[in-house]
Protein chains: 2
Amino acid sequence: MSFKTIEYKYGKIKIIDQSKLPDKLEYLYISNIKDLRQAIRRLSVRGAPALGACAELGVYLGIRDFKGNDYGSFIRKLKKVSGYLASSRPTARNLFWGIERVSNIAFKNKGLSVGTIKALILEEALNIINEDKESCRNIGRYGASLIKNNDGILTICNAGILATCGYGTVLGVLYRAKEKGKIFKVYISETRPLLQGARLSAWELKKKGIDALVICDNTAAALMQQGKVSLVIAGADRVALNGDTANKIGTYNLAILCKYHNIPFYIAAPASTFDLSLRSGKDIIVEEREPKEVSTLLFKREISPKGIKVMNPAFDVTGHRLITAIITDYGIIRSPLDKNIRKILC
Amino acid sequence: MSFKTIEYKYGKIKIIDQSKLPDKLEYLYISNIKDLRQAIRRLSVRGAPALGACAELGVYLGIRDFKGNDYGSFIRKLKKVSGYLASSRPTARNLFWGIERVSNIAFKNKGLSVGTIKALILEEALNIINEDKESCRNIGRYGASLIKNNDGILTICNAGILATCGYGTVLGVLYRAKEKGKIFKVYISETRPLLQGARLSAWELKKKGIDALVICDNTAAALMQQGKVSLVIAGADRVALNGDTANKIGTYNLAILCKYHNIPFYIAAPASTFDLSLRSGKDIIVEEREPKEVSTLLFKREISPKGIKVMNPAFDVTGHRLITAIITDYGIIRSPLDKNIRKILC
């Protein structure tokens, strides 16, 4: 495939405007943090790992025009920029991880000139793009071992090339399995309200020539009842120390359906999605998004009568006991997750 | 509310065109079975009890212009008409029940003139409208006893005034509870692909002044996790002798979520929805509808890349063990359903 989710080019962050897919493949060229924050808020760029990379590049955009060489003022500016970007979306751990990662460069290099620190921040931000691709490749390698010929694999939302700096986490597992010659079928849960499954995953999987089929979110249980689903793999926006996992709304639903039908339920996510400061998922903040996402069809046609109330939580939290294993770039972490995450990631 | 779902007026079946709601309240005036079959197929009229009434009136439309007084020819015509209407949709039991009910009038009155039989068929067809309203009132009365103050009630699709000849089954329970002064909150699962929850139930409940809130289908599990759902009530398209129940796709999903969260899961349906000739739900035919319902947003905007494959089963089947009780017009049938349905309905 000939597209890149995120690039840094001629002083701008170049991202695919994912809100336009699959109708149009259009790019946004972002040169300031206000535009970046807006692009993140309206999901022109989304997916936890992609947000991590955008946040790092964003911090650089925010500080690169800082004048002077006063370290204290520079750090104040850095914190202001970081706070501004961090306020774009609350749930995906990678966004904060990315900001902390580049901020630490500034803290660790206090003795250097502000100009040098800026350059180091840019270097770190550029590194993440390659690192994230490498992480995805590793997740793909580990995860592909879980896929057998003739499996039916159900997924939700988009944890693919578009959600990362390339290759994808959940879809990376499928791409790797295909590279290894495995034959399988993918069921894409469309993922209301914004249909990242039907729009984005369907687009990617079709381009990659993978046998895929879109279903309404309501259909997963019936497919499992019919024996068509061998495993479910979902992405993650934040994983707590005990393995509780926040991901796109509907993920917890799928995990319960798997438990009932005795089907393995996997999460695929890089280490950067783990928030080891959280003992459990209870403290994960779930973003509530605007009612219009639910009460309209992609902001076009109104569905419901005027003035109807709506709830629109963007994520849910799946308890670790429902998760068979988490496929990470450091290997597959199997249950009991509340013990094994520590062993591998701490 | 000042609308009627189905009426027979000046020789025509007058129905609300439900595909236009909630944008417009428009009526269709149907005078032949071809138009009726099309209205049923494209869901201008839907809901199992409403389909029963339409089928009865439809049989009359189909035979009323029969010329002559030859009973044998008349019966052949009746069977042709019945077969044609029966081929509109396969799952809702009431459609077939309605056709059988009026056909039996012809079989039982062999000795009478064809003209008299026609008139008896019309009478029977008109009776059903009142009978169905009465059934709904009974369901409402029985069901309201299950609702307590401050309950959060989740429902799917539309089993309301629009799905019946008036008052509704599931929503009838809520209307009755409100009449009794109970205070509660309703969560409406939007019900992709055609959004009968977000469009039709939201419209009805808002008109009735009931505190209601639309959620994406994916959100039900998270709401239950948060303790917001006290019970789920769903309608039915066909109930087998053992209590296995076909209803709108997503119902089985909700039943599993209820089981996991230890929440009562009720079905509300009149006796006419029971198919006592089926020992279990295994033999219920689930209608697969056209891919466009899923791959577009209400036939307007394409969601997915061109050529993507889609599955679109309109119903699923919930095993009787997941159902706490069925609220019928003959009383509440509690589990074990495979024993108790026989006792009350056979």
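This report describes the interface between chain B and chain A in a predicted model.

In this predicted model, 57 residues of chain B are in contact with 58 residues of chain A, and the area buried between the two chains is about 4900 Å², of which carbon and sulfur atoms give 61%. Three residues, N218(B), R301(B) and M311(B), supply 15% of the area that chain B buries against chain A, which is more than any other three residues supply.

| Item, chain B with chain A | Value |
|---|---|
| Buried area | about 4900 Å² |
| Salt bridges | six salt bridges |
| Polar contacts (both residues at pLDDT 80 or more) | 23 residue pairs |

Between chain B and chain A the count of salt bridges is six, and in one salt bridge the side chains of K309(B) and D211(A) meet at 2.7 Å, N to O. Polar contacts, counted where both residues are at pLDDT 80 or more, link 23 residue pairs between the chains. On the side of chain B that touches chain A, at least two residues each come from several helices and strands, including α7 (196-207), α8 (220-225), β13 (301-302) and β14 (309-310) of chain B, while α9(B) gives the most, with six residues. The residues of that side of chain B divide into 32 nonpolar, 10 polar and 15 charged.

The chains are also joined through strand pairing: β6 of chain A (residues 212-215) and β14(B) run parallel and are connected by two bridges. Within this pairing, V214(A) stands opposite V310(B) of β14(B).

How values were computed: Residues numbered from 1 in each chain as written. Chains lettered and ligands numbered in written order. Predicted model: local features only at pLDDT ≥ 70, side-chain atom pairs only at ≥ 80, totals over all residues. Heavy atoms only, no water. Contact = heavy atoms within 4.5 Å. Buried area = accessible area lost by both parts, 1.4 Å probe. Salt bridge = Lys/Arg side-chain N within 4 Å of Asp/Glu carboxyl O. Polar contact = N/O pair within 3.5 Å; in protein donor to acceptor, adjacent residues only side chain to side chain. Helix = DSSP H or I, 4+ residues; strand = E, 2+ residues; numbered from the N terminus. Nonpolar A, V, L, I, M, F, W, Y, C, P; charged D, E, K, R; others polar. Pairing = 2+ DSSP bridges.
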